[in-house]
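Here is a friendly walk through one model, starting with two residues and ending with the whole chain. Have the structure open as you read.

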Amino acid sequence: MNSPTQHQVDLSTPLKFAYWVPNVSGGLVVSTIEQRTDWSFDYNRELARIAERSGFEYALTQTRYAASYGADKQHEATSFSLALLAATEKLKVIAAVHPGMWHPGVLAKFVITADHLSNGRAAVNIVSGWLKAEFVNFGLPWLVHDERYVRTEEFIRVLRGLWTEKGFSHTGKYYNIADFTLQPAPVAVAGRPHPEIFFGGNSTAAQATAGRVADWYFSNGKDLDGFSENISGVLAAAVPLGRRPRFGLNGFVIARDTEKEARETLREIVAKAHKPAVEGFRDAVQEAGPATKDGKGMWTDSSFEDLIQYNDGFKTQLIGTPEQIATRIVEYKKRGVNLLLTCYLHFQEELATFGRDILPIVRELEADAARQADVELVVA
Ligand SMILES: Cc1cc2nc3c(=O)[nH]c(=O)nc-3n(C[C@H](O)[C@H](O)[C@H](O)COP(=O)(O)O)c2cc1C
């Protein structure tokens, strides 16, 4: 097995931070607890501006076409991302997209335009899907679990080909492209060959696919060992190809003055869980990890409590005082995390607090970690 310490841990680059865009209704936890988070564009425009002032480099929009786990109303991911790009100056916005809902050429063209409108800040998160009803009720094919990743891999190869080559051709199982040149090409940005390709998934097939073709691999919330296991699976596919994807991890942040207060907030979220919605979600996600042959993948080992944050964000345990949270974040960095994807109960207030109270401690601790490892922390 390829250990992340051997190949991947990068102590010389400061951690990057992202947040989930609340572009679906109901916040990021399926609970009736008060959430001062709103899915409207006005709220999100202000949130994006707070984020770029608070040290966040990325925002990630969700793609959802139909209600599930609550999320009764949803704004479409690519158009919403474009509006956020137009409302900000530095923030990179990652739009989630499903292969199977998009032709890769249409997406390639859309993202190039978004990239030009934003001076090179557009990115995508390729997600292979779990909500079968969205596909079936649209009259689209619903592929069995691992086959979704066969299509996803081809989709990403086509996307990258169209972004980087002139006269690009591809003959495959799902897509055929003949001698295509997209003009203009994406914006030339130093250190970025094309708009960044993120990838979300946890199963064995997802890890292997990400290792072969993704720029970034996003993991659902995990404890330290769970994250290490995930990253090893991706590296096993990437390293023999000389690839070096980077790693993002989801975590739900509850920062309070005392650990006791933070834990009480988690208890309240759980006590007020919207039971029918969480149980409905548990049934729907049987199409993800549980549908794999080896039983590994997203949500296979998620308890009722875990599922309340629908990307397992409690498992990362970013719950406590700012010092405790910063310490835990740097532990994850030492395991290979390059980007922390965060979510909150009250997004605007708590994201600002994260930037003000937690991020500076992370910066000190990662400088210490770099010194101890005798590497230089290169601050851009
Ligand atoms: C960070 C992250 C973001 C995701 N965003 C979405 C999304 O916006 N829409 C969606 O349908 N699925 C999303 N997914 C779920 C994937 O589509 C996929 O169903 C899930 O990762 C299960 O994959 P697995 O069975 O291979 O583990 C996301 C997954 C991760 C890790």
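## Thr78

Setting aside neighbours within four places in sequence, Thr78 touches Ala95, Val97 and Phe110, where contact is defined as C-beta atoms, placed from the backbone, within 7 Å.

Thr78 belongs to helix 3 (residues 77-86). With 19 other C-beta atoms within 10 Å, Thr78 is partly exposed; by definition, a residue is buried if 20 or more other C-beta atoms lie within 10 Å of its own, exposed if 12 or fewer, and partly exposed in between.

## About the model

This is a predicted model: local features need pLDDT of at least 70, side-chain atom pairs count only at pLDDT 80 or more, and totals for chains, interfaces and linings use all residues. Residues are numbered from 1 along each chain as its sequence is written.

## Ala48

Ala48 sits in helix 2 (residues 41-53) and is buried, because 22 C-beta neighbours lie inside 10 Å. Beyond four places in sequence, its contacts are Ala59, Leu84, Ala87, Thr88 and Leu91. From Ala48 to Tyr58, 10 residues along the chain, the C-alpha separation is 9.3 Å.

## The whole protein

The protein has 13 helices and 11 strands, which are DSSP runs numbered from the N terminus (helices: H or I, at least four residues; strands: E, at least two). Of its 380 residues, 46% count as buried. Among contacts with a separation of 6 or more, 77% join residues 24 or more positions apart.

Conventions: Contact = placed C-beta atoms within 7 Å.
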